[in-house]
Amino acid sequence: MKKVLLFTFALALLVSCGQSYEEKLRLSRAERARIAREDALAFKVGVLPTLDCLPVYLAQERQLFDTLGVSVHIKFRNAQLDLDTALAGSSIECAVTDRKRMENMEKHGTELEVLGATNAYWQLISNRTARLKEPRQLGDKMVAMTRYSATDYLTDQILKGVKTSAPVFKIQVNDVNVRLRMLETNSMDAMWLTEPQATSARLQKHQVMADSRQMKEQLGVVAVRSRALVDARRRRQLALFVKAYNMACDSLNDKGLMNYTAIIRKYCTADDRTIKSLPKLQYPKLTVPNGTRQQRTL
């Protein structure tokens with residue numbers, strides 16, 4: 001009798017465990033489905049660990065999107081090419097990028113609209129051990145950049161009409177943090193960096209060879225997929241995203257970067273020394289395109 005009771009108890013325990021496991025699987029699948037559904041419905045924005053994305057980070061941290069009643073999901077990447085893949089594959093609606101990347105994406109069939117310019121600028125910074133000061137000295141040297149991007153274009157611009165002793169090797173290094181580390185470890189002769197990575201490099205006594213601002217080049221933009229302007233729900237989300245972004249710009253322009261050091265540290269992985277040395281930046285606002293592609297003339 002005792003054996004029968006023990007068997008019955010063990011069987012009941014086994015069935016109970018089996019049901020619990022199946023229930024957990026069902027709940028797990030349901031949870032994944034819910035998250036995927038919410039993400040599909042949200043307005044998704046691709047960003048990099050750079051200061052031109054700071055209005056997006058600030059709007060997220062200060063819950064401006066929630067306040068305005070729009071669900072915005074931030075998609076973090078370390079490389080522009082990863083953002084391009086997401087835009088081309090329709091997994092995000094919007095991204096902080098540059099005009100040259102836009103041109104390349106559109107050549108491959110991704111229709112985009114410009115919401116506005118960003119304050120992004122790029123500096124060509126040479127390794128202090130290389131002792132490079134002028135573009136003509138880049139012969140037989142390696143320059144880190146991203147193909148079909150602002151940095152690729154700027155490299156060509158500074159070399160126009162310049163005679164070098166040998167070809168210049170443009171090396172594709174897409175991850176902005178990896179690019180900086182290659183400078184720190186003397187693995188690269190020169191590279192294009194934006195903020196805050198450029199400030200980190202300058203603090204390490206690396207040499208600034210060129211600056212896109214001196215070249216009168218304004219290349220940073222926030223772009224949105226053209227399809228977002230067709231769907232009424234997406235267009236409403238876009239309008240609220242732009243409103244929150246502009247509110248963040250007002251706050252940044254009024255209070256300055258030093259009031260948001262914790263956000264910069266969190267999203268841009270910058271150390272305190274770099275943050276304290278950042279230049280003053282003004283953040284331009286965005287506008288919602290009217291669908292006529294006139295925003296391209298910014």
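## Aromatic pairs

Six aromatic pairs occur in this predicted model. Rings of Phe, Tyr and Trp (its six-membered ring) pair if their centres lie within 6.5 Å; planes under 30 degrees apart count as stacked, over 60 as edge-to-face, and the rest as tilted. Tyr57 and Tyr267 make a stacked pair, with 4.3 Å centre to centre and 10 degrees between the planes. Tyr57 belongs to helix H2 (residues 54–61) and Tyr267 to helix H10 (residues 261–268), so the pair ties together parts 210 residues apart in sequence. Helices (H or I, at least four residues) and strands (E, at least two) are DSSP runs, numbered from the N terminus. Tyr57 counts as buried, at 1% relative accessibility. Tyr267 counts as buried too, at 12%. Here buried means under 20% relative accessible area, exposed over 50%, and partly exposed in between (1.4 Å probe, protein chains only).

Phe65 and Phe241 are also stacked, because their ring centres are 5.9 Å apart and their planes lie at 20 degrees. Phe65 sits in helix H3 (residues 64–68) and Phe241 in helix H9, so this pair ties together parts 176 residues apart in sequence. Both Phe65 and Phe241 are buried. Ring pairs join Phe43, Phe65, Phe241 and Tyr245 into a cluster.

## Charges over rings

Two rings have a charged side-chain end over them: Tyr153 and Tyr121. A charge sits over a ring if NZ of Lys or CZ of Arg is within 6 Å of the ring centre and within 35 degrees of the ring normal. The charged end of Lys100 is 4.1 Å from the centre of the Tyr153 ring. For Arg213 over Tyr121, the distance to the ring centre is 3.5 Å.

## Nonpolar cores

The largest nonpolar core has 57 residues. A core of this kind is a set of buried Ala, Val, Leu, Ile, Met, Phe, Trp, Tyr and Cys residues joined through side-chain atoms within 4.5 Å. Val45, Leu51, Leu54, Leu115, Phe241, Leu257 and Ile264 touch the most other members. Helix H9 (residues 232–255) supplies the largest share of this core, nine residues. A second, separate core holds 17 residues, among them Leu124, Met145, Leu159 and Trp192.

Which residues does Leu257 contact, leaving aside its neighbours within four places in sequence? Leu257 is in contact (heavy atoms within 4.5 Å) with Leu51, Leu54, Leu252, Ile264, Leu278, Pro279, Leu281 and Tyr283.

## Salt bridges

The count of salt bridges comes to twelve. The rule asks for a side-chain nitrogen of Lys or Arg within 4 Å of a carboxyl oxygen of Asp or Glu. Glu93 bridges to Lys44, with the closest N and O atoms 3.3 Å apart. This pair links distant parts of the chain: Glu93 is in the loop between H4 and strand S3 (94–98), Lys44 is in strand S1 (residues 43–47), and 49 residues separate them. Is Glu93 buried or exposed? At 8% relative accessibility, Glu93 counts as buried. Lys44 is buried as well, at 4%. Salt bridges link Lys44, Glu93 and Arg234 in a network.

Arg265 and Asp272 form another salt bridge, where the closest N and O atoms are 2.8 Å apart. Arg265 is partly exposed, with a relative accessible area of 39%. Asp272 is partly exposed at 40%.

## Asp84 and its partners

Asp84 is part of helix H4 (residues 80–88). Its side chain meets that of Arg101 in a salt bridge (2.1 Å, N to O). Arg101 lies in helix H5 (residues 99–107), so the pair ties together parts 17 residues apart in sequence. Asp84 is buried, with a relative accessible area of 8%. Arg101 counts as buried at 3%.

Leaving aside neighbours within four places in sequence, Asp84 contacts Arg101 and Met105. Asp84 and Gly46 are 38 residues apart in sequence, and their C-alpha atoms are 9.1 Å apart in space.

## Basis of the values

Residues are numbered from 1 along each chain as its sequence is written, and side-chain values use heavy atoms, with hydrogens and water left out. As the model is predicted, local features need pLDDT of at least 70 and side-chain atom pairs count only at pLDDT 80 or more, while totals for chains, interfaces and linings use all residues.
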